[in-house]
Amino acid sequence: MTMLNMSGGLHANEATALATQPDAFDYIVDQFADLQILRYEVPGFESLSLQQKQLLYHLSEAALMGRDILFDQNCRYNLAVRRTLEVIYQEYEGDRNDPQFKELEVYLKRIWFSNGIHHHYGMDKFIPGFTAEYFAALVTQVPADKLPLPVGGDVQGLITELTPVIFDPDVLPKRSVQSGEGDLIAASANNYYAGPLTQAEVEAFYAAQKDSTDLTPVSYGLNSRLVKEGNKISKKVWKVGGLYTQAIEQIVAELEKAIPFAENAQQQAVIEKLITYYRTGDLKDFDAYSILWVKDLNSEVDFVNGFIETYGDPLGMKASWESTVNFINKESTKRTKIISENAQWFEDHSPTDSRFKKKEVRGVSAKVITVAMIGGDCYPATPIGINLPNADWIRRDHGSKSVTIENITEAYDKASQGTGFNEEFVWSEAERELIKKYGFITDNLHTDLHECLGHGSGQLLPGIDPDALKAYSSTLEETRADLFGLYYIADPKLVKLGLVPDSEAYKAEYYKFMLNGLLTQLVRIELGKDIEEAHMRNRQLIARWVYEKGQAAEVVELKERDGKTYVVVNDYAALRRLFGELLAEVQRIKSEGDFEAGKVLVEQYGVKVDLALHTEILERYKKLKLAPYRGFVNPVMKLVRNDQGEVTDVTLDYTEGYTGQMLRYSNNYSFLPTYNN
Ligand code: ZN
């Protein structure tokens, strides 16, 4: 519930302090469809100790081992489609300059990016630009023994099976359906639920397990697929010896290799408990691991590896597999340290009802990190901030760890120089100057506040089911965290603490947030479609709500000039009060588990798009020739050995391209059968 994505990938800060000099590092790797591929630098890696580098190396290997799990979680045909196309891409000896072959290449690149056949953000199935006939012809022209043939089937069987999956827009149309009146489980193409399961059956299955008097409940359903066979409903747990064992065994083997390089006993205990959990599949072990992890504050190297975030499940219970491997950025962590040291002050002064506030904010630890490897659901599209663990009671009793990933935000920022975006969409030179002067600082600060304070703030009333908001929980949780950050970024306390240079700085974030939420994030949505993704819903919800509530007083206006629509903020102080009002209401909804009110808020403000405005924004954006979504390739991490075979160093190579990396991962880190039943 707690990953922060780049708010649009659209923060085209023309010139920040960081970017006045042209940089030798080559950030832009590839661009296709609606995607741009960047590379991130890992500053500070060379000065780590050899022990730390070796720890990072094995954790990084573990981060890549689970890639296939995510593909299979996203849809049961994903591995079959990916593998078939990879064989064609590598083996086809016909005309590779044929426009249809070029379209096949783009389609394969999109599948790699989305970890499957559905858009990574909008979750709709994307339809290729080549024909079913062309696909069938190519499948028959590559070596059959290399293809992922269905059990007992032949090449024709493979074509018959995959053709509707790839080409028919009505088959598996959406990975995860998270709103509407229909059966969300039946409508979702993901692989978290199998067999003819209804939403009512799933909800009944978990309701029967839950005990509302349990103050430390496990995260029900987190690490298993729910299956209906005949009339029997049962779970298949993702663990060693269970579902996905082939990949999980490899992850465990790398974690074991990492243990001798642990920096201290606490970190060693974290790794060992994670291994235990992967072996038992017991969610109590996961909680024990999470508690050890949240208390591991002295290590410089850190990592996440497992079934963590639940954005992909319409019911918000089942987690996708992900990994990040990182180490601390000591200089920038001074900033987040100030924030976390003052966490209780922020909690006490927030505009929420006192019943919903934490009396004692525990262990909010915050740091700025440098990622060295990303995998699973963090790759190639990656968060810029993370706050874990997700279990409410662990956060309540043991605190949470919150990070801002600054080498990623820096790569975004540098790759955004001089794109013409701000000239096109920002109202006037005054706002552009604000963004130029403060944009990078306030962007990072909003992420810090969102992760470190926002997600960690507030409490549920006793007896409230943490899953009460169901399909709306992710959106409302992100809304809450964003609002907390927006409210406080304008607080005089931040100037006093030295976190912003002056009392004007917050206006840069306010302007960008309103511009993105009201207008420019729409460049990521296809014309005529609704907004689906939780962070995007959250941003539009906030922007539309404050726009509407402040309309009479003209707090924020949508002004037209030369046939183009612009956002104009007239009263920044009033805007802050509105953010505060909405924060109080969203906190109430969460604390009381008020599903109906949450649903109305999301459906009324976060989902629907104004068609005329959307058309205009898409046309203006198209002229800039930018890609609305961005992701990253990883560096290649290599062990250096001496003549005796001992490891003497670990190096990073930044030269690998997108296709090369994806094919290498598919060759070296692919352990699952094509179908995992
Ligand atoms: Zn978040």
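**Zinc site.** I started at the zinc ion, whose protein donors are His450 (NE2), His455 (NE2) and Glu478 (OE), 2.1 to 2.2 Å away. Donors here are N, O and S atoms within 2.8 Å of the metal (3.2 Å for Na, K and Ca), and water is not among the atoms, so sites may look incomplete. Along the chain the donors follow H-x4-H-x22-E. I checked burial too: His450 and His455 are both buried, meaning under 20% relative accessible area, with exposed over 50% and partly exposed in between (1.4 Å probe, protein chains only).

The model is predicted: local features need pLDDT of at least 70, side-chain atom pairs count only at pLDDT 80 or more, and totals for chains, interfaces and linings use all residues. Residues are numbered from 1 along each chain as its sequence is written, and side-chain values use heavy atoms, leaving out hydrogens and water.

**Glu656.** Next I looked up Glu656, in the loop between β16 (647–653) and α25 (658–668); helices (H or I, at least four residues) and strands (E, at least two) are DSSP runs, numbered from the N terminus. Is Glu656 buried or exposed? It counts as buried because its relative accessibility is 14%. Leaving aside residues up to four places away in sequence, I found Glu656 touching Arg39, Val633, Val636, Gln661 and Arg664, where contact means heavy atoms within 4.5 Å. With Gln661, the Glu656 side chain makes a side-chain polar contact of 2.9 Å. That term means a pair of N or O atoms within 3.5 Å; within protein, one must be able to donate a hydrogen and the other to accept it, and residues adjacent in sequence count only if both atoms are side-chain atoms. Pro635 is 21 residues from Glu656 along the chain, with 7.3 Å between their C-alpha atoms.

**Cis prolines.** I found a cis peptide bond between Tyr379 and Pro380, omega about -5°. Pro380 sits in the loop between β9 (364–376) and β10 (385–388). Another cis bond joins Leu388 and Pro389, with omega about -5°, and Pro389 is in the loop between β10 and α14 (392–398).

**Positive phi.** Asn115, a non-glycine residue, has a positive phi near 50°. I located Asn115 in the loop between α4 (99–114) and α5 (132–140), and it counts as buried because its relative accessibility is 5%. Glu554 also has a positive phi, near 50°, in the loop between α21 and β12 (556–561). At 45% relative accessibility, Glu554 counts as partly exposed.
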